[in-house]
Each structure stands twice: as structure tokens, then as C-alpha cells.
Amino acid sequence: MSDITYLEAGRRAVIEEMQRDERVWALGEDLGRGGVFGQYKGLAEIFGPARIADTPISEACIMGAAVGAAMTGTRPIVEMRFSDFALCAIDELVNQAAKARYMFGGQMRVPMVVREPVGMWRSSAAQHSQSLESWYTHIPGLVVVAPSTPADNLGLLKSAIRNDDPVVYLEHKDLWGFTGPVPEGDHLTPLGEAEIVREGDAVTIVTWSAMRHVCARAAEKLAVEGIAVELIDLRTLWPWDRERVFASVEKTGRLLVVHEAVTVSGFGAEIAASVAEALHHRLKAPVRRLGAPRIPIAYAPPLEDKARVSQDSITDAVRSLIGYAPAS
Amino acid sequence: MGQGADMGADMGGNLDRERFTAMLDTMWRIRAFEEAAVRSLDEKLVLGAIHPSIGQEAVAVGVCCNMEREDLLLSTHRGHGHTLAKGADALAMMRELFGRAGGTCGGKGGSMHIADFEVGMLGANGVVGANIPIAAGAAHALKLRGEKRIVVCIFGDGAINRGPFLEGLNWAKVFDLPVLFVCEDNNFSATTHTAAMTAGPGAAARAESLGLPAQTIDGNDAVAVDEAARAAIAALHAGEGPRLLHCKTYRMTGHTAVDPAGYRDAAEVERWRAADPILRLAETLRVAGVSDERIADAKAKAYAEMDEIYASARDTAWPDVSHAYTDVQDLGDPRERPFS
């Protein structure tokens with residue numbers, strides 16, 4: 001074990017997989033200079049400009065070219081710079097990458113990873129801050145991953161690169177500098193497997209990406225009050241780890257889903273509905289969700305904060321679940 | 001228009017009769033295939049929309065006869081001709097149009113999503129212009145892998161007004177990729193005259209503005225298409241970079257098989273009917289000394305083949321319903337799973 005940043009973990013994943021498999025290459029804007037956040041720093045020197053390809057600001061063509069390249073014997077890593085910009089390439093991802101295997105009757109696979117940095121970070125405002133994971137979980141054919149720690153950014157990105165279907169890989173910009181322990185060697189985190197961050201029997205919190213860390217702090221605080229939260233980091237949103245979530249809710253009887261994205265039609269709705277359908281007889285309180293109000297993300301910090309799920313709102317929600325008494 | 005037959009007559013003595021007779025065979029096969037597909041609508045065998053390329057066969061055949069089997073082709077929603085010309089099996093294609101087992105894509109794609117990777121046909125596409133970046137990427141992969149193969153991307157005149165046209169051509173030039181862009185200009189963007197929707201002089205000028213050599217040719221003249229495509233593909237193999245071929249042709253049907261196309265001028269349609277690419281090539285071959293019998297045979301055999309294929313596809317079973325859930329993706333179960 002050694003401590004590295006979330007950003008360095010992603011960089012290491014790319015290096016290890018490009019060394020392991022010569023079919024892997026990366027394409028995106030400014031990659032030769034290390035990428036906009038430095039995730040590709042030094043890679044062009046190691047692998048050359050053909051495999052660390054600088055591209056025009058042509059998101060549709062970056063994504064579409066990756067589809068064609070994935071069909072033609074290579075395994076591209078697509079860098080979208082900001083997840084918001086990936087909206088310029090949504091046809092290429094949703095209509096082409098996600099559907100080719102199925103609509104062509106399984107003649108081929110589209111092995112590509114689409115890295116899309118998400119989330120609120122340094123007053124980036126409405127077009128550089130979004131969390132749109134639920135758009136992708138809705139699309140058959142896509143795998144959706146949202147790592148929250150350096151170890152997972154290493155292990156999940158490596159697994160994503162080895163996956164034979166298109167993976168939307170959502171790294172959180174506010175975590176680039178987050179430091180944590182990472183195992184030595186060929187560290188793979190399985191896709192589709194949640195992590196139990198903390199065990200408890202009072203309330204299950206399901207979360208992912210940067211909100212994991214806010215939830216962990218909230219759980220610490222609640223522990224002091226004697227409330228034992230079971231915290232689950234989903235890590236992969238499609239396919240999501242129903243077994244682990246359901247087993248936890250069976251134990252606790254209470255569920256809070258927390259995500260940074262807008263609550264309305266957020267992926268939390270899918271989890272809440274699934275638990276309500278399957279486990280309603282076990283629930284001691286209604287399922288709750290915490291996410292952003294349905295507003296674009298503002299620039300000024302006091303306004304931006306209105307889109308943020310705070311630690312206090314999490315602790316309040318947990319307490320309300322504990323204190324819930326059905327009307328008689 | 002109308003000059004192709006004369007040109008063919010002029011060069012009749014030098015014409016490669018075997019090559020062009022084979023092209024005539026393929027053009028008739030495309031025509032017969034599509035007419036059978038259109039006819040099948042009466043029996044409700046083709047289920048969704050189909051977009052015939054009747055009248056445009058010279059582009060498909062003239063381009064594809066210059067490709068090797070392992071070369072890669074990207075096509076459009078109007079792609080039956082391209083797919084047949086690239087060597088896909090006609091019965092499997094008709095089964096696909098009918099949504100049957102044994103279809104090119106197992107009945108999962110239909111007319112707009114035919115692909116046959118065995119013959120290098122990487123897919124028709126239901127989205128106009130979406131094949132252009134994919135073609136650039138396929139060529140990019142070939143270059144990365146150091147392969148000798150080339151890519152051809154055929155799209156319509158409507159596609160040049162979409163962003164991916166600009167992005168894809170720019171990309172191909174920037175990375176110096178072995179891809180031939182073919183604008184199969186049939187005059188219509190769905191049911192609107194493309195000319196009314198397009199600023200400037202069009203496909204070739206736009207390509208040239210990005211540094212891609214471009215050539216505009218009579219797309220109803222199979223001999224001219226063949227010659228231009230052969231030269232363009234030779235240039236790709238010589239490492240001279242991407243280029244564009246603008247083939248002017250005409251869509252003899254509506255946008256879809258059920259579109260009566262009342263928005264067209266009758267005189268215009270008649271003018272183009274007189275320039276039918278198949279009849280023009282047949283005349284060229286006749287002048288070049290190919291027997292009337294052989295020329296008639298090309299048509300008769302094609303229609304006989306497609307009649308047989310039609311009947312065979314009609315008698316094929318539906319796909320097993322379990323296939324609805326296969327080839328979605330490796331991870332996750334696409335079905336609802338009750339908690340147990």
C-alpha cells in the first residue's frame with residue numbers, strides 16, 4: 001500500500017493497461033500536454049503521440065471515431081474533458097456505441113471507455129459542473145462507473161478498460177487531489193460490486209462518487225450520537241449491486257439515497273423504487289432521497305451551495321428516518 | 001446527364017467488358033432486391049421503413065467494385081445497394097428486412113441497421129451523417145495498427161449539413177487517414193430539395209476547403225464512378241490522404257417506399273428516368289460488343305434470384321424470443337429481476 005491521489009490513480013491505470021495491451025490508446029483534447037487536469041501527464045512521452053492522441057475540439061468526432069476504432073480491433077479511451085461536453089457527442093454514445101452490438105446482432109463489440117469528469121468544482125457554473133449519470137444508466141448497452149477513492153479509480157478504470165462493452169466512466173473533479181491508499185500490483189476492482197464503507201444496523205445510506213465522503217463524515221457524527229449507519233458506495237451504477245443494497249436494507253429497514261445530481265429523475269429514484277418494490281414489507285420508514293434541487297448550478301458560491309447536499313442535510317435526514325413514527 | 005452512354009460508346013473499344021458486365025449483374029441484383037423489398041410491403045413482410053436506392057445503383061457498384069473484401073465500408077439508411085455490392089448475402093439481407101432468423105443481424109436491426117462484418121460492411125446507419133466519424137475512427141484504427149486496408153464512407157447530400165461531416169472530414173485530414181468519402185447526391189434531404197437547404201457550392205467545395213481533394217462526377221454513369229473510385233482508392237493506398245467523391249445521381253422513389261414523392265417535378269423525374277444508370281451501362285456494353293442475350297440475362301437472372309430469395313425469406317421463422325435479451329452487454333441482467 002502507498003498513498004497516491006485519485007488523479008494519479010487514474011493515470012496509473014491508463015499506464016498499466018496501455019503497457020499490458022497494445023490495442024489500448026487514448027484520444028481527446030490536449031492529451032499530449034497531459035490533459036486538462038493532468039490525468040495524462042507524461043503519457044505522450046511514454047507511449048508516443050499516436051497512442052496518446054491530441055484531437056481537435058470535435059467531441060462528436062472523438063466519440064464517433066472511438067466507436068469506429070473500437071469496431072476495428074482497438075480499445076480506445078475517450079477523454080471528454082468535462083462530462084458536460086459529452087453532450088455534444090450524445091448521438092455517438094447513445095445511438096452508436098451503446099447499440100451497435102445489439103442492433104448488428106452481436107457481430108462485434110464496442111470496447112471503449114469514455115472518461116467524463118463530473119461534479120461541482122471551483123465555481124465552474126452551469127456548463128462545467130453537472131452530474132448526469134442517470135442519463136447513462138437509462139441506456140441499454142452502457143456500463144456506468146463512478147469511483148470515489150484512489151484505490152477504486154485505479155481498480156475500476158483498469159476493469160473498465162478490460163471490459164468489452166462501452167463504459168461511461170465518471171470521475172469527480174473535486175476528488176482529483178484526494179489522497180488515499182492504493183494496493184501494489186495489478187489491482188482490479190470488479191465492475192458491478194458495491195463497497196460497504198461502514199457497517200451499521202440503523203439506517204442504510206447508498207451513495208457514490210464525491211458524496212461518499214460527505215456521507216462518511218455524516219456517519220461519523222451520527223455514530224457519536226449512537227446511530228449506526230451502514231454506508232454503501234455503489235461504485236458501479238450499471239449494473240448496480242442490488243444484492244448488497246437489498247441485504248443491507250433488510251437488516252436496517254431504512255434507506256437514504258444521497259447523490260450530487262438533481263433529485264428529480266436522478267439514479268436515486270431507481271434505487272428507491274427498486275427497494276420499495278422488493279422490500280416494502282421490511283421498511284420501518286419511507287425511503288428518502290437527497291440530491292440537488294432542480295436548478296442549474298450557479299457560479300457564486302452562496303448560490304452554488306444551494307445545489308449541494310450538505311453534511312447537515314444528511315444527518316437530519318437520517319435522524320428523521322430513525323424518528324419516523326407511522327401515523328396511527 | 002445523358003452523356004454517359006455517349007462516353008461509353010466512345011470508349012467502347014477499350015471497355016473491360018467482363019468487369020462491366022459483372023457490374024451490370026450487380027446493379028440488376030440491387031434493383032431486383034429493392035423492388036422485391038418494396039413489393040413485400042403489400043404482404044407486410046418488410047415491417048418498418050425502408051429507403052430504396054432505386055436509380056442510384058451506379059454509385060454503389062462503381063465504388064464497391066474497387067474495394068477488397070477486407071476493406072471497410074460505412075453506409076446509410078439507404079444502404080441496401082452498398083451492402084449487396086460489398087458482397088453481403090442477399091438472402092440474409094432479405095431475412096433481415098423481414099425481421100427473420102438468419103437475417104444479417106439476426107433480425108435485430110432491420111433495413112436501417114444492416115451490417116455484415118464478414119465482408120467489411122460496418123453498418124448502415126439510421127442517423128444521417130453519423131457514419132462519418134465512425135469511418136474516420138475505423139481508418140484511424142487501421143493506421144494505428146499499420147494495416148494496408150482502406151475505408152469508404154458513403155453518405156447522402158443531406159449529411160453535408162450536419163456537424164459530423166465537418167468534424168469527420170477535418171479529422172481524417174488532420175490524421176491523414178486512408179478514407180474515401182463518397183457523397184451520394186440524390187438531390188433530396190428526406191422530402192426536401194437539398195439545394196434549397198444548402199449554402200454555397202456543396203460537398204466538393206466543402207471538402208476542398210479542408211484540403212481534401214474532391215471530384216464531382218456523373219453518379220449515374222457506372223463507368224465514370226468506377227474510374228473515379230479506382231483512382232481515389234489507389235491514391236489512398238499510395239498514402240495520399242483522404243479525399244471525397246461527389247456523385248450526382250437521383251432518387252427515383254420517395255424518401256421511404258411509401259412516400260409518393262409528390263413534391264417532385266414530373267419533368268425532372270422523367271429526365272432522370274431517361275438517364276437510368278442500369279440502362280445506360282447496358283447500352284454502353286451493347287455498343288462495346290456484349291451480346292443482347294448476355295445483357296438480357298443479367299436482368300433475368302437477377303429477378304429470378306430475388307424472387308427465390310423473397311420466397312425463402314418469407315418462409316423463414318422469426319428469431320427465438322430469447323434473443324431479445326442477448327448481446328445487450330456482458331454485465332448486468334437486462335430483464336426485471338424480482339427480489340428473492
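Which strands of chain A does helix 8 lie across? Helix 8, residues 211–224 of chain A, lies across strand 9, strand 10, strand 11 and strand 13, and runs at about 170° to strand 11. Please keep in mind that this is a predicted model.

Helix 12, residues 311–322 of chain A, packs on the sheet too, touching strand 10, strand 11, strand 13 and strand 14. Its direction makes about 165° with that of strand 14 of chain A.

Now the sheet itself. It is an open sheet of five strands in chain A, in the order 9-11-10-13-14, with mixed pairing. Strand 9 and strand 14 stand at the edges with a single partner strand each, so one side of each has no neighbour in the sheet. From one strand to the next, the twist averages 25°.

Let's walk through some pairings. Strand 10, residues 203–207 of chain A, runs parallel to strand 11, joined by five bridges, and there Val203(A) has Val229(A) as its bridge partner. Strand 10 is also joined to strand 13 by four bridges, again parallel, with Thr204(A) opposite Leu255(A).

Strand 13 of chain A is largely enclosed by the rest of the structure, because eight of its eight residues are buried. Four bridges link strand 13 to strand 14, in parallel, and Val258(A) stands opposite Leu290(A).

Terms used: Residues numbered from 1 in each chain as written. Chains lettered and ligands numbered in written order. Predicted model: local features only at pLDDT ≥ 70, side-chain atom pairs only at ≥ 80, totals over all residues. Buried ≥ 20, exposed ≤ 12 C-beta atoms within 10 Å, placed from the backbone. Helix = DSSP H or I, 4+ residues; strand = E, 2+ residues; numbered from the N terminus. Pairing = 2+ DSSP bridges. Axes fitted to C-alpha atoms, helices over the stretch in contact; angles between N-to-C directions. Contact = placed C-beta atoms within 7 Å.
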